[in-house]
Amino acid sequence: MDKYLLYPGCSMESSAKAYYDSLIKIAPVIGLELEEIEDWNCCGATEYLGISLAPAYSLISRNLALAANQSNGSRTVVAPCSACYLNLAKADYYMREQPKLGTMVNEALAAGGLSYKPGSLDIRHLLDVIVYDIGLDTIKSKVTRPLTGLRVAPYLGCMVPRPDYEHRWSDHEHPVELDLLLKALGAEVIDFPLKTHCCGGHMTQIGPDTAFELIRRLISSADHYEADLMATLCPMCQLNVDAYQGEMNHHFGTSYHMPIIFFTQLMGIAFGMRARDLGFGMELVSAKKAMKKVGVEVPETAETAAAKPRKGNGLPMPTPLPRKTPKVAEKGKVKK
Amino acid sequence: MSSHSCRARLECFRMREDYMEIAPTVIPPPAPIPKLIEDLTLLDEVSRRTAGVSRLEMCIQCGTCGGSCPPAADMDHTPRMLFAMLRAGMRRDALMSNTFWICVSCYHCVVRCPQNVHIADVMYTLKGMAIEANLYQSSTAPDFSQTFVDMVENYGRGFEFGLATRHYLKHFPLRLPGMVPMAFGMLTKERMSITPTRIKNMAQLTAILKRAKELEVGHHG
Amino acid sequence: MTSGNGHKPNVEERIGVYVCHCGSNIAGVVDVQQVAEWAALRLKHRGVVIGRDYKFMCSSLGQELIEKDIKELGLTRVVVAACSPHLHEKTFRTACERAGLNPFLCELVSIREQVSWVHTDKVAATSKAKAVVSGGIERVLHHEPLEPMRVPIHPATLVVGGGIAGIQAALEIANAGYHVYLVEREPSIGGHMAQFDKTFPTLDCAACILTPRMVEAGTHPHITLLTHSNVEKVEGFVGNFNVTIRKKARKVNVDLCTGCGICQEKCPKKVVDEVYEAGLGYRKAIYTPFAQAVPKYPVMDVANCTYFEKGTCKACEKFCPTNAIDFKQEDEVITVDVGNIILATGYDIFDARKVTNYGYGRLANVFTSLELERLTNAAGPTNGQIVLRDGKTIPKAVGVVHCVGSRDRNFNNYCSVICCMQSLKFAHLVHERTGAIVYNFYIDMRTPFKDYDEFYQRVMEEGTLFVRGKVAEVTDAARLPGEEGKLIIQVEDTLAGKQRRIPVDMVILSVGLEPRKDSKEVAKQFGISCSTNGWFTERHPKLDPVATMTEGIYIAGCAQGPKDIPATVVQGAAASARVLGKIQQKEIELEPVRASINEAQCSGCRICNNLCPFNAILFHEDSKVSEINPALCQGCGTCVAACPAGAISGTGFSNEQIFAQIEGLLLLNVGEEVPA
């Protein structure tokens, strides 16, 4: 069993409760052992960084220091929330890139009796750990109820695939990790062109007009590709696209109904668990209709992604670039 | 309802003096008399105050950032223009711009920039500088950030209900009725709590942040 | 301790010490007069008879000072304390030679790069300068009069690479009457230029200006054309290279083949031509890459041939009217002797699939510049029609993107030189052939040479729309009305100051130039160096761009760095001129500073063999000792340091000389203070 230090983040306890509930349910099934960091504090999201430098990074680094001390044999911190993940990774990276920052932060931490050596922890996102450490083969082996016929638009948001200091993802713009995971669950994955485009972040609270436009772009594109629902890994994205969908519709006079749920919830369904236990029903834009499709025999539908010209019909297309993709992962080894 | 929980609920509504302002807009300080010499220290200052090595001086003004930015249409200046203004020492114009307040931190610009400039982090720096200099067109974003920070400094965790009520009451009171269904949904589905959670070792966090603030002042000199 | 050659240091030598001011470069930090006086006084017992200081030792007056002293004072050794030997060692050696002193009895020590340019403390710098001079004096006492080696130059030349640079070089040398072996790994010569349609700024048809040269090279009596061939091994040294070349089997007997082309016609196996057609067109398993190929003989692609895969077909053999197909043909390995080598191996293009936000490989109608060249080429897969990937639709709006993979720290940090002009050329051609609206997206417009900026103005006059901004994204996700079904280019128009979304039908990526994928291996094979990028390294970036640090090996064309066709031709011609100059001299003088192995001390451990960067050390199996080839040895000293038995010493850097110099640096030789 792989043990990891879990940094849940504030939203996992409230707005993204479904994420937390489903994660706790599927973790033992796939052999993911998580230990919560003792007395962790808020990472500051994107707000604290806008006020100050040293306090913001010290706030983040208290968690790193606590995690490093708590080390239960593991030096990997797993963060399911994108902003938390980015903040932790960024703090560690910048303290290495700019030693002056590291010194300043450690001096502040010392006032609380803590210290942190930059580089002593590996900070990884939940999806990264599931796909590369647990491995897609393991996931596939636990699927008892494949999501056949369910058209899913994978939505990663922006803060996970970018800026990716430690090169963990296959691409900044069109990464394949979530696609492959959903495929392993048996779902029909659409080639969603906006899969790493921004949901607007905190603009829903600060500048709603800007945010609604960004949300509209995502939903209208997923709708264009006839997705049944969007699968995401970020609490903020889920909140924006789900909770603010009504207001967005009202703002533009549209009537979209695009459910958006967490990928861990879909994993739970595919593993044969009860929807209720996985946080279904917490979403404001109901996923009931979409989920009714699961388990129902549907005929094979053709790919409606942009058709590539076949040989003999027009000019040949270049072959895809060989890129880092998840393969059979050996337990405990990190695939870079 | 016990008196204990009543007190807990009242606590979250306690407001400090400076947040009792009703008017959402801020009157900026009077413009300085134009100087002959440009403020060429501005670029250096921004660079120094940014986390990591900003590489701001390497910008070739190619426009990739402005081209990638999802909310660029809503900005006064594209990110690229803002950097040009920083180089030109246009302190007041740059800090009064709404560009960095609209930045959504999507990092498209950062990964595409051909000179690896830490664009998103420069935006954070400018936010802090604008608040410090009290130069912004609309106080909505600065207030939101400050409210959030206030919550974290009191509880060590975020508190969405408190954040939302304070923020919307102050800045978007007219939106509140339209948001009732959403708020109701969030509350009934247990996605939002009316009471905050506090971390155990709040004293430790407070000490850390206090020292950090002292160091910050020294750093900026 | 005696030196390897039995020379004993004789303090009856008469040493002249000359300290240069170099204007204020040295004199500004070091008290040069003091140093000269000190040397004359305190090292008198070591043989110093005169110590002078002068403003510019390298000037003719400065040199005359040395010459005069040699003649009048009977100097037997000279020490000059000035700049780095890289710059003026030759100057002072030549001055000594003119005065009748063996040039290798002159030692130049650096008190500029190693003292005045790196220290600010004047007192400390002056002391250090004295120590450096003292070291030089001790060393020079162990110097011997050396004679340079002379090796003959073989008149034949090897040119590697049959693109325009190689062809130019080969023709120049061949026309001068000397033999050239022109090796090209593709089935035909011509290189990248043969793939183009028109060339800037004249809009000359590339094939029309290239093919006459190709034919000339193919039929020239002094050129041996070796296409579909690779260089396997290079041995030897300047003037005397022995090169092993593998002529890959074409499976066609060239003595019988008439180039009629029936085999290609009848061949049933079609494959995507990744090389000549840039992946946009097809060829057969037996093919000539293009109609004007030189030589005209086809080549069989064994990996894709039905006969080699399954044992059936043989259609080409059946239909060949002269029975020229030979499935059993083997590779032929030959060795040639040449005196000089010119490497003109060209470039590869940047792989645009890496820039995922431009969608090449994912979005059908995004093309690279090389693909567009094939589209516009009249002999290309669409017969010169500029159409979309479906092979028939003519675009109505086209975007040309500059700087793809260039000037970008995420990919290649350098500017690829030709892309701006190439993009303008595309704008012109697209507009001319299709009438489409053309946008060019650039960061800077780089049009520096003759008629280049005029070409830019012409393209502007034709109505091309220029947007200054590096393209952020090419996407098919429509957002606004009018974008459905189009490719949208999202860019900041930096001059207008706003983000624009421009719908087009076709996007052309002007990709950058990169070194060949195997350039590092090739450099190693020939014993030259290349940069971290992979471009071959020239001897001096400003003053010697076609020579390398290895004598006898020259570089020309894009293998040295991205450049346009005129510059490539110039470099080809320049390299051939250097080679012709060497051939004319019939023999070459080599620096005698090189290592030699004392056979008696060599234990045969062979550690030195693989360390030599110039492959200059041979091992004699019979006597079990190693020997250094003096012509190949460049005197780098690696083997000297590595030999565990201390059996290797260098003439010009023997152990005695080094140890003496160290003792001099430590001022162990300085005499008592002598009152003036």
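In chain B, 65% of the contacts with a separation of 6 or more join residues 24 or more positions apart, two residues being in contact if their C-beta atoms, placed from the backbone, lie within 7 Å. For chain C the corresponding share is 70%. The model is predicted: local features need pLDDT of at least 70, side-chain atom pairs count only at pLDDT 80 or more, and totals for chains, interfaces and linings use all residues. Residues are numbered from 1 along each chain as its sequence is written, while chains are lettered from A and ligands numbered from 1 in the order in which they are written.

Chain B has 12 helices and zero strands. Helices (H or I, at least four residues) and strands (E, at least two) are DSSP runs, numbered from the N terminus. Of the 221 residues in chain B, 43% are buried; a residue is buried if 20 or more other C-beta atoms lie within 10 Å of its own, exposed if 12 or fewer, and partly exposed in between, with C-beta atoms placed from the backbone.

Chain B touches chain A through 57 of its residues, against 53 residues from chain A. Helix H12(B) gives the most to the chain B side, with 12 residues. Chain B also touches chain C, where the contact takes 18 residues from chain B and 17 residues from chain C. On the chain C side, strand S25 (residues 487–493) gives the most, with three residues.

Chain C holds 18 helices and 34 strands. Buried residues make up 50% of its 676 residues, and the C-alpha atoms of chain C fill a box of roughly 100 × 70 × 45 Å along the principal axes. An automatic or database domain assignment supplies the domain bounds. Chain C is divided into domain 1 (15–148 + 656–665), domain 2 (157–244 + 335–346 + 516–585), domain 3 (262–330), domain 4 (348–514) and domain 5 (595–650). Taken over C-alpha atoms, the centres of domain 1 and domain 5 of chain C are 32 Å apart.

Chain C contains an open sheet of five strands with parallel pairing, in the order S10-S7-S6-S18-S29; two strands pair if DSSP finds at least two bridges between them. Strand S10 (223–226) and strand S29 (553–555) of chain C each have a single partner strand, so one side of each is left without a neighbour in the sheet. Neighbouring strands of this sheet are turned by 20° against each other on average, direction ignored. Strand S6 (residues 157–160) and strand S18 (residues 340–343) of chain C pair in the parallel sense over four bridges, and Thr157(C) has Asn340(C) as its bridge partner in S18(C). Helix H6 (residues 164–175) of chain C lies across S6, S7 (180–183), S10 and S18, running at about 165° to S7(C). Axes are lines fitted to C-alpha atoms, for helices over the stretch in contact, and angles run from 0 to 180 degrees between N-to-C directions.

Chain A averages a pLDDT of 86, and 89% of the residues score at least 70; pLDDT is the predictor's confidence in each residue, from 0 to 100. Over residues 296–311 of chain A, pLDDT stays under 50. Where pLDDT is low, the predicted coordinates should not be read in detail.
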